[in-house]
Amino acid sequence: MGVLCKVVDGILLLTFVSMSVVPACLDAQVLLPKALFPDVLGRVYSWYTTTYQDYLLLDEPHFFMALMKLELVLVLPLAILNTYGLLTSKPWFNTTCLIFGSALVTSTTAMVGDMLGSDKPSAGKLASMYSPFIGFGFLAILRGLLSESPNASKTMANGPTSALKKKA
């Protein structure tokens with residue numbers, strides 16, 4: 001079980017790091033003025049949208065813009081917190097991991113659902129690129145529900161006992 005948890009934590013760490021970088025550097029360009037970003041990020045954004053014909057970024061439908069706001073306001077900070085919480089075994093990690101996973105699954109499912117129902121030529125390829133994040137979100141939910149951080153279990157195990165020893 002310990003090896004499996006380490007593998008899951010490794011996958012989640014990569015997910016948290018990617019969800020800390022991509023929204024801040026690329027997705028934010030949909031919502032904020034392009035002048036706020038370095039030219040290199042603008043070129044990467046243009047290259048991505050041109051190469052993959054990501055119609056959600058190109059057409060900017062209203063539901064997608066709302067999801068991008070959610071990503072910047074909720075998912076991005078949670079990804080940063082979860083990176084820190086995972087690396088330092090914080091007791092609140094399970095809760096933030098659960099929230100992160102729920103938000104990621106919800107928003108990504110809406111985007112993939114739109115892609116699968118779209119008649120755009122690039123929709124299938126985009127859906128296959130976005131879909132793994134639904135799985136990463138479910139993994140984060142399971143990690144939040146089923147795992148206990150090592151420090152939390154030590155605190156729970158030692159807390160009442162050490163309090164009784166001090167009184168005696």
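Helices, here, are DSSP runs of H or I of at least four residues, strands are runs of E of at least two, and both are numbered from the N terminus.

The model before you is predicted: local features need pLDDT of at least 70, side-chain atom pairs count only at pLDDT 80 or more, and totals for chains, interfaces and linings use all residues. Residues are numbered from 1 along each chain as its sequence is written, and side-chain values use heavy atoms, with hydrogens and water left out.

I begin with the overall architecture. The chain contains eight helices and zero strands, in the order α-α-α-α-α-α-α-α from the N terminus. Of its 168 residues, 38% are buried, that is, under 20% relative accessible area, where exposed means over 50% and partly exposed in between, with a 1.4 Å probe and protein chains only. Contact denotes heavy atoms within 4.5 Å. Among contacts between residues at least 6 apart in sequence, 72% join residues at least 24 apart.

Let us turn to helix H6, residues 123-130. Which of its residues are buried? They are Ala-123, Leu-126, Ala-127 and Tyr-130. Viewed down the axis of H6, these buried residues fall within an arc of 100°, so they line one face of the helix; the arc is that of the directions from the helix axis to the C-beta atoms. The cover over them includes helices H2 (39-52), H3 (55-59), H5 (93-116) and H7 (132-146).

Next, the surface. Leu-70, Val-73, Leu-74 and Ile-99 make a nonpolar patch of about 320 Å². Helix H4, residues 62-88, gives the largest share of that patch, three residues. Leu-74 is placed in H4 and counts as partly exposed because its relative accessibility is 30%.

In helix H1, residues 2-31, we find Ser-20. Ser-20 counts as buried because its relative accessibility is 16%. Leaving aside residues up to four places away in sequence, Ser-20 touches Leu-76, Ala-79, Ile-80 and Thr-83.

Finally, the cysteines. How many disulfides does the structure hold? The number is zero, a disulfide being a pair of cysteine sulfur atoms within 2.5 Å. Cys-25 is partly exposed, at 26% relative accessibility, whereas Cys-97 is buried, at 0%. Thank you.

Technical notes: Patches are made of residues with over 30% relative accessible area and no salt bridge: like charges are joined within 9 Å, nonpolar side chains (Val, Leu, Ile, Met, Phe, Trp, Tyr) within 5 Å. Accessible areas come from the Shrake-Rupley method with a 1.4 Å probe; for residues, only the protein chains shown count as cover. A salt bridge is a side-chain nitrogen of Lys or Arg within 4 Å of a carboxyl oxygen of Asp or Glu.
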